[in-house]
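Visitor: Could you walk me through this one? I would like to look at a few helices, a strand and some single residues.

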Amino acid sequence: MDPFLEYKLAMTRRHFFGRSACGLGGAALGACLNPSIFANELAAGGNMATQGVMPALHHAPKAKRIIWLFMADGPSQLDLWDYKPKLGEYYDKDLPESIRNGQRITTMTSGQSRFPCAPSIFKFAQHGQHGAWVSELLPSMAGMVDDICIVKSMHTDAINHDPAITFITTGSEIPGRPSLGAWLSYGIGSPNDDLPAFVVLISRLAQGGQTQALFSRLWGSGFLPTKHAGVSLRSSGDPVLYLSNPPGVTADVRRQMLDGLGELNQERLAEVGDPEIAARIAQYEMAFRMQTSVPELADISKEPKHVLEMYGDEVTQPGSFAYNCLLARRMAERGVRFTQVFLRGWDHHGGLPGSIRQLVKAADQPCAALIKDLKQRGMLDDTLIVWGGEFGRTVYSQGTLTKDNYGRDHHPRNFTMWMAGGGIKPGIVHGETDDFSYNITEKPVHVHDLNATILHLLGIDHEKLTYRLQGRDFRLTDVHGKIVTEILV
C-alpha cells in the first residue's frame with residue numbers, strides 16, 4: 001500500500017483529537033509545574049500579567065489578597081451592628097403587617113400564632129470620628145470603626161442555611177459551582193509556589209455556639225480543575241493529612257517516589273490527554289513543597305509576645321478563632337491569595353442573649369487584632385478583609401419572649417457585613433434599614449454585588465472571568481452584580 005495513503009487512513013478523527021489532546025495536556029502540565037513558562041509578554045513590561053487563565057488584570061488592583069472572616073450560621077445584626085432605638089416602643093407587640101408585607105418566613109416560625117418584636121437587650125454607643133453605632137458586645141471592634149466600612153444593607157435570595165451559605169460562597173444556591181477562592185485561583189493564580197492559592201481554616205466551635213454543618217463543596221472548585229479547590233488545614237495533628245513522612249521514609253525517598261509516580265502520570269497524560277492528570281501531578285508537587293512550608297507557617301512560637309497578647313488568650317490554642325486569625329495574617333505575608341476563616345455558631349434560634357455573649361468573647365478581639373496587625377505591618381492597604389455570614393436575624397422572637405431572653409429566626413431581607421483595607425473606604429456606614437431592621441431603605445447591596453466588588457478590588461472585571469461549560473459561559477456573579485463604588489477609595 002502507498003505509505004501516504006496508509007498514513008491518511010491511520011489518521012482517524014478519534015486519532016486526531018487524541019493527539020491534539022496530548023499536546024494540550026503537555027502544555028497544561030508545563031503551566032502547572034512552572035506557571036511562568038507561558039507568561040504573557042505583558043509581564044516583561046511590568047504590567048498586570050497574571051498566573052491564571054486571564055492574561056492580564058482588567059485594571060490596577062487595590063487588593064492583592066483576601067481574608068474572609070466567615071461568621072457561619074447568620075449573626076444577629078440587631079444585637080451587633082444595626083442599632084434600632086425605636087424598637088423599645090414595640091416590645092412584645094406584633095410586627096406590623098405593613099413591615100412584613102407578606103414576605104416569606106421559615107417553617108420554624110411559620111406556625112407561631114404571633115410575631116412579637118424583640119428589641120436587643122444590649123446597649124449601643126457611638127464610636128469613631130463619624131459616630132458609628134456599635135453594640136457593647138464588640139468593645140474591641142468598636143475601637144476599629146475608623147478602619148472599617150460597615151455595610152448594613154446586605155441582602156440575599158436564600159432563607160435557609162445551606163442554600164444561603166452556598167449562594168454567598170459560590171454565587172448559586174445550587175451546589176456544584178466553583179467558590180470565590182477557586183475562581184481567583186483559576187483566574188489570576190497565586191504569587192506563591194509553596195502554599196495553595198486558597199486556604200480554609202475552620203475554627204473550633206466556641207462556647208455559646210449553635211451550629212450548622214459545613215460542607216467541603218463551599219470551598220470546592222466545582223467544574224473548574226480540582227487544583228483550584230481550597231485546601232482545608234486541620235487544627236490537630238498534621239495540618240494536612242499525610243503531610244509528614246511515615247517512619248522510615250526520608251525526604252529523598254519521598255522525592256524519588258514522586259519522580260517515579262510523575263513519570264507514570266506523564267505517560268498516561270500523553271496517552272489520554274486528560275487535564276486532570278496534569279492537575280494531579282501539580283498537586284503532588286505542591287504537597288511535597290508544603291512539607292516544608294506548612295510546618296513553618298503553623299509554628300507561631302517566634303511571634304513577639306505583644307502580637308500574641310493582641311489576639312487574646314486563645315491564640316496559642318490551635319483551632320481557636322484567635323489562632324486562625326493570626327495564621328491568616330501569616331498566610332497573607334507568604335502570598336496566599338485567599339484565606340477563608342470560618343467561625344460557626346451564630347444560629348441563635350433561642351437563648352440568644354446568653355449564647356451570643358459567650359460567642360463574641362472568641363470573635364471580637366481577634367478580628368480587631370487582625371486589622372491592627374496588618375496595619376502596623378503596612379499590609380492593610382493591599383489586603384482586603386471581609387466579615388459576615390450568610391444572612392441576618394429577625395426582629396421578631398422565635399419562641400417565648402421575655403425581658404432578658406429571646407431567639408431570632410433567619411432573615412435574608414437585610415443583614416450587616418463589614419470590610420476593611422484593600423481599597424475599601426474606611427470609617428463609613430453604607431446603607432440603612434427601617435426601624436425594625438426588616439427592610440432596606442437605602443443603598444441595597446446584593447450578594448452578587450458584594451462578589452462583583454471583591455473581584456473589582458483584585459483588578460478583575462467580574463463579567464470577564466468566565467468558564468465555558470456545556471455551551472454556556474458561567475461566572476461567579478451569574479448574570480448579575482454591580483460594583484458598589486460608594487464604598488471604594
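Visitor: How do α11 and α12 lie to each other, roughly parallel or roughly perpendicular?
Guide: Bear in mind that this is a predicted model. The axes of α11, residues 321–333, and α12, residues 352–376, cross at roughly 15 degrees, and because angles under 35 degrees count as roughly parallel, the two helices are roughly parallel to each other. Their axes come within 9 Å.

Visitor: And what is the handedness of the crossing of α11 and α12?
Guide: The crossing of α11 and α12 is right-handed.

Visitor: Which residues meet there, between α11 and α12?
Guide: On the α11 side they are Phe321, Ala322, Cys325, Leu326 and Arg329, and these meet Ala362, Ala363, Pro366, Cys367, Leu370, Asp373 and Leu374 of α12. Sorted by class, this contact has 10 nonpolar residues, two charged residues and no polar ones.

Visitor: Switching to strands, how many residues of β1 are buried?
Guide: Strand β1 covers residues 65–71, and seven of its seven residues are buried, so that the strand is mostly covered. Both of its faces are covered, with Arg65, Ile67, Leu69 and Met71 on one side and Ile66, Trp68 and Phe70 on the other.

Visitor: Which strands are joined to β1 by bridges?
Guide: Strand β8, residues 383–388, is joined to β1 by six bridges and runs parallel with it, and strand β7, residues 338–343, is likewise parallel to β1 and joined to it by six bridges. As for individual positions, Trp68 stands opposite Val386 in β8, while Ile66 has Phe338 in β7 as its bridge partner.

Visitor: What about β5, and is Val200 in it buried or exposed?
Guide: Val200, which lies in strand β5, residues 198–202, has a relative accessibility of 0%, and it therefore counts as buried. Not counting residues up to four places away in sequence, Val200 touches Trp219, Gly230, Val231, Ser232, Leu233, Gln340 and Phe342.

Visitor: How many residues of α7 are buried, then?
Guide: Nine of the nine residues in α7, residues 180–188, are buried, among them Trp183, Leu184 and Tyr186. Just after the helix, Gly189 takes a positive phi of about 70 degrees.

Visitor: Where is Ala118 placed?
Guide: Ala118 sits in the loop between α4, residues 97–100, and β2, residues 124–127, and with a relative accessible area of 0% Ala118 is buried. Leaving aside neighbours within four places in sequence, its contacts are Val395, Tyr396, Ser397, Leu401, Tyr406 and Arg408.

Visitor: Last one: why does Asn265 count as buried?
Guide: Asn265 has a relative accessibility of 17%, and because buried means under 20% relative accessible area, Asn265 falls into that class. The residue lies in helix α8, residues 251–272, and, with residues up to four places away in sequence left out, Asn265 touches Ile277, Ile281 and Tyr284.

Definitions and conventions
Residues are numbered from 1 along each chain as its sequence is written. This is a predicted model: local features need pLDDT of at least 70, side-chain atom pairs count only at pLDDT 80 or more; totals for chains, interfaces and linings use all residues. Side-chain values use heavy atoms; hydrogens and water are left out. Axes are lines fitted to C-alpha atoms, for helices over the stretch in contact, and angles run from 0 to 180 degrees between N-to-C directions. Helices (H or I, at least four residues) and strands (E, at least two) are DSSP runs, numbered from the N terminus. Angles under 35 degrees count as roughly parallel, over 145 as roughly antiparallel, 65 to 115 as roughly perpendicular and the rest as oblique. A crossing is left-handed if the near helix is turned anticlockwise from the far one by less than a right angle, and right-handed if clockwise. Contact means heavy atoms within 4.5 Å. Ala, Val, Leu, Ile, Met, Phe, Trp, Tyr, Cys and Pro count as nonpolar, Asp, Glu, Lys and Arg as charged, and the others, Gly among them, as polar. Buried means under 20% relative accessible area, exposed over 50%, partly exposed in between (1.4 Å probe, protein chains only). Two strands pair if DSSP finds at least two bridges between them.
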